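I opened my notebook beside the structure and wrote down what I looked up, entry by entry. Come along and check each entry as you read.

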Amino acid sequence: MLKIEHLGIAVKSLDASVPLYEQLLNTPCYKQEGVASEGVSTAFFKTGDSKIELLEATSENSPIAKFIEKKGEGIHHIAFEVENIEAEMKRLSALGFQILNEHPKDGADNKLVCFLHPKSTNGVLVELCQEKK
Ligand code: ZN
């Protein structure tokens with residue numbers, strides 16, 4: 001894995017959280033984008049080499065809505081950048097990690113993504129992401 005690409009933070013409201021994180025990080029949000037398939041709206045911030053992704057649910061069935069219902073707002077996932085997502089999925093699957101999707105899917109911020117079940121990673125939802133070429 002190349003680096004931690006971003007941390008995903010579940011929030012109730014982007015309208016409320018984007019200005020807060022702009023103040024906290026002292027940098028403007030550079031992109032807001034919906035991912036309809038996941039039922040989320042996202043907002044991205046750059047902090048040096050790393051990014052912060054805020055996630056707001058756009059429907060009650062969104063994984064983010066369920067997460068907030070269970071645990072409240074907070075850190076939702078860690079995303080690692082990989083060079084070849086298909087190869088990493090095969091490698092991790094062979095080692096017994098539970099991968100939540102069979103094929104990489106389109107994520108926010110021009111990425112192909114997949115997720116690892118927190119049960120196989122000590123309770124941490126892990127995202128793998130690869131820059132789309
Ligand atoms: Zn993410």
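Predicted model: local features only at pLDDT ≥ 70, side-chain atom pairs only at ≥ 80, totals over all residues.

**Entry 1: burial and overall form**

I started with burial, and 44% of the 133 residues of the protein count as buried. I looked up the confidence next: the average pLDDT is 95, and 100% of the residues score at least 70. Among the elements, helix H1 (residues 14-25) has the highest mean pLDDT, 98, while strand S6 (residues 105-107) has the lowest, 91.

Then I checked the overall dimensions. The C-alpha atoms fill a box of roughly 40 × 30 × 25 Å along the principal axes. I found a radius of gyration of 14 Å, which agrees with the value near 14 Å for a compact globule of 133 residues. I also looked at contacts between residues with a separation of 6 or more: 52% of them join residues 24 or more positions apart.

**Entry 2: the order of elements**

How many helices and strands are there in the protein? I noted three helices and eight strands. Reading along the sequence, I wrote the pattern down as β-α-β-β-β-α-β-α-β-β-β.

**Entry 3: strand S3 and its two partners**

I went to strand S3 (residues 40-47) and found six of its eight residues buried, so I put it down as mostly covered. On one side I followed strand S2 (residues 31-35), which runs antiparallel to S3 and is joined to it by five bridges. The hairpin of S2 and S3 has four residues between the strands, and Gly 39 there takes a positive phi near 65 degrees.

Next I followed strand S4 (residues 50-57), which is also antiparallel to S3, with eight bridges joining the two. S3 and S4 form a hairpin with two residues between them. In that turn, Gly 48 has a positive phi of about 65 degrees.

**Entry 4: a closer look at Thr 42**

I looked up what stands across from Thr 42 in the neighbouring strands. Glu 33 stands opposite Thr 42, and in S4 the bridge partner of Thr 42 is Leu 55. Leaving out residues up to four places away in sequence, I listed what Thr 42 touches, including Leu 14, Lys 31, Glu 53 and Ala 108.

**Entry 5: the zinc ion**

Which residues are the protein donors of the zinc ion? I found His 6 (NE2), Glu 53 (OE), His 77 (NE2) and Glu 127 (OE), lying 2.1 Å from the ion. Along the chain, these donors follow the spacing H-x46-E-x23-H-x49-E. His 6 lies in strand S1 (residues 3-11) and Glu 53 in strand S4, so the pair ties together parts that are 47 residues apart in sequence.

Why is the arrangement around the zinc ion irregular? The four donor atoms subtend angles of 83 to 168 degrees. Four donors count as tetrahedral if all angles lie between 85 and 135 degrees, so this range makes the arrangement irregular.

His 6 is buried, with a relative accessible area of 3%. Glu 53 is buried too, at 6% relative accessibility.

**Entry 6: strand S7 and its neighbours**

I moved on to strand S7 (residues 111-116). Five of its six residues are buried, so S7 is largely enclosed by the rest of the structure. Three bridges join S6 to S7, and the two run antiparallel. S6 and S7 form a hairpin with three residues between them, and Asp 109 in the turn has a positive phi of about 60 degrees.

S7 also pairs with strand S8 (residues 126-131), in the antiparallel sense, over six bridges. There I found Cys 114 opposite Leu 128 in S8.

**Entry 7: Ile 99 in a loop**

My last stop was Ile 99, in the loop between helix H3 (85-94) and S6. Leaving aside neighbours within four places in sequence, I saw Ile 99 in contact with Met 89, Leu 92, Ser 93, Cys 114, Phe 115 and Leu 116. I also looked up His 117, which is 18 residues from Ile 99 along the chain; their C-alpha atoms are separated by 6.0 Å.

Methods:
Residues numbered from 1 in each chain as written. Heavy atoms only, no water. Buried < 20%, exposed > 50% of the residue type's maximum accessible area, 1.4 Å probe, protein only. Pairing = 2+ DSSP bridges. Donors = N, O, S within 2.8 Å, 3.2 Å for Na, K, Ca; no water. Tetrahedral: all angles 85-135°; square planar, octahedral: opposite > 155°, others 65-115°. pLDDT = per-residue confidence, 0-100. Rg over C-alpha atoms; globule rule 2.2 N^0.38 Å. Contact = heavy atoms within 4.5 Å.
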